[in-house]
Amino acid sequence: MNHDREIVGVAPEPPKGDPGPPGLDPLPTPLRDPKPMLDRVIDEWGGHQDLWLFGYGSLIWRPEFGFIERHPARVHGWHRALKMWSRVNRGTVDNPGLVFGLLSGGSCRGMVFRVPAANGLETLGRLWLREMPTGVYDPRWLECVTPHCKVKALAFTLSRLSPNFTGELSDERYRHIFASAVGRYGSSFDYAQQTLLELKRHSIHDAALARLVRLAENRLSAEADGGKPPSPLYRPKSRT
């Protein structure tokens, strides 16, 4: 299949066993009220043209919204990094997991999706429930370069000043998180693996992510070969 220009009618169905959208468990206290940010994005979009969205993590393999077109795309000045604490979807308040953030610097290859203008408001509302329940991301309109044209697409970026930014993590810390952190959508390790597989399917190479997944797989393989019990639960000192 040629993924350079793929026209589709509806988004893929969520995988079986998916526990569903946010709302199943109590959410952590929001960092910021997400509604004013949604209102700002709606005003900036205007509602008269189709809505473009940039996916760089799970939105690529589980968009959960209808779209009529998608393309591989690159943004400059931002890069994908598994450096955002997740206390809902891929971890808990007691044992945070990890999800991707779009950090300033470098460049990032992902996918852009075109949503019909008539469905834009509903799509943004669903995205806010999924990505912005605690107001952690900074939504931005970024210029995305596709094989056919340039488009302005909405992307969820992460500030290094955010309390959900992990900073630099050691390999051992990543191993602990991959071995123990589980949230309502599954484990941090599954999230990393699925993202890597989907990036490869679209011929997107992410060396940093491949190294982290390999790190966890090597540990799991070594523990299995040695007959060791599962790694103990890792509890970080901070519960924020």
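Arg126 is partly exposed, because its relative accessible area is 42%; the class lies between buried (under 20% relative accessible area) and exposed (over 50%), with a 1.4 Å probe and protein chains only. The model is a predicted one, in which local features need pLDDT of at least 70 and side-chain atom pairs count only at pLDDT 80 or more, while totals for chains, interfaces and linings use all residues. Residues are numbered from 1 along each chain as its sequence is written, and side-chain values use heavy atoms, with hydrogens and water left out.

**Arg126 and Glu64**

- Arg126 lies in helix H3; helices (H or I, at least four residues) and strands (E, at least two) are DSSP runs, numbered from the N terminus.
- Beyond its neighbours within four places in sequence, Arg126 is in contact with Glu64 and Phe65, where contact means heavy atoms within 4.5 Å.
- Arg126 and Glu64 are 62 residues apart along the chain, and their C-alpha atoms are separated by 8.5 Å.
- Glu64 belongs to the loop between helix H2 (58-61) and strand S2 (69-86).
- Glu64 is buried, because its relative accessible area is 19%.
- The phi angle of Glu64 is near 60°, a positive value in a residue other than glycine.

**Packing of H1 against H3**

- The axes of helix H1 (residues 34-45) and helix H3 (residues 120-131) come within 11 Å and cross at roughly 150°; axes are lines fitted to C-alpha atoms, for helices over the stretch in contact, and angles run from 0 to 180 degrees between N-to-C directions.
- H1 is therefore roughly antiparallel to H3, a class for angles over 145 degrees, whereas those under 35 count as roughly parallel, 65 to 115 as roughly perpendicular and the rest as oblique.
- The crossing of H1 and H3 is right-handed, a term for a near helix turned clockwise from the far one by less than a right angle, left-handed being the anticlockwise case.
- From H1, Pro34, Met37, Leu38, Val41, Ile42 and Trp45 meet Gly120, Leu121, Leu124 and Trp128 of H3.
- The residues of this contact of H1 with H3 comprise nine nonpolar, one polar and no charged; Ala, Val, Leu, Ile, Met, Phe, Trp, Tyr, Cys and Pro count as nonpolar, Asp, Glu, Lys and Arg as charged, and the others, Gly among them, as polar.

**Nonpolar core**

- The largest nonpolar core has 63 residues, of which Phe54, Leu82 and Trp128 touch the most other members; such a core is a set of buried Ala, Val, Leu, Ile, Met, Phe, Trp, Tyr and Cys residues joined through side-chain atoms within 4.5 Å.
- Strand S3 (residues 97-115) supplies the largest share of this core, ten residues.
- Apart from neighbours within four places in sequence, Trp128 is in contact with Pro34, Met37, Leu38, Val41, Pro133, Pro139, Leu154 and Phe156.

**Val151 in strand S5**

- Val151 is found in strand S5 (residues 150-157) and counts as buried because its relative accessibility is 9%.
- Not counting residues up to four places away in sequence, Val151 touches Trp52, Val112, Leu142, Glu143 and Cys144.
- The C-alpha atoms of Val151 and Val112 are separated by 8.7 Å, although these residues are 39 apart along the chain.

- Phe189 lies in helix H5 (residues 188-201) and is buried, because its relative accessibility is 9%.
- Phe189 and Phe178 are eleven residues apart in sequence, with a C-alpha to C-alpha separation of 4.8 Å.
- Ser203 sits in the loop between H5 and helix H6 (207-226) and is exposed, because its relative accessibility is 57%.
- Phi of Ser203 is near 60°, a positive value in a residue other than glycine.

**The chain as a whole**

- The protein chain has six helices and seven strands, which follow the pattern α-β-α-β-β-α-β-β-α-β-β-α-α along the sequence.
- Of the 240 residues in the protein chain, 52% are buried.
- Among contacts in the protein chain with a separation of 6 or more, 79% join residues 24 or more positions apart.
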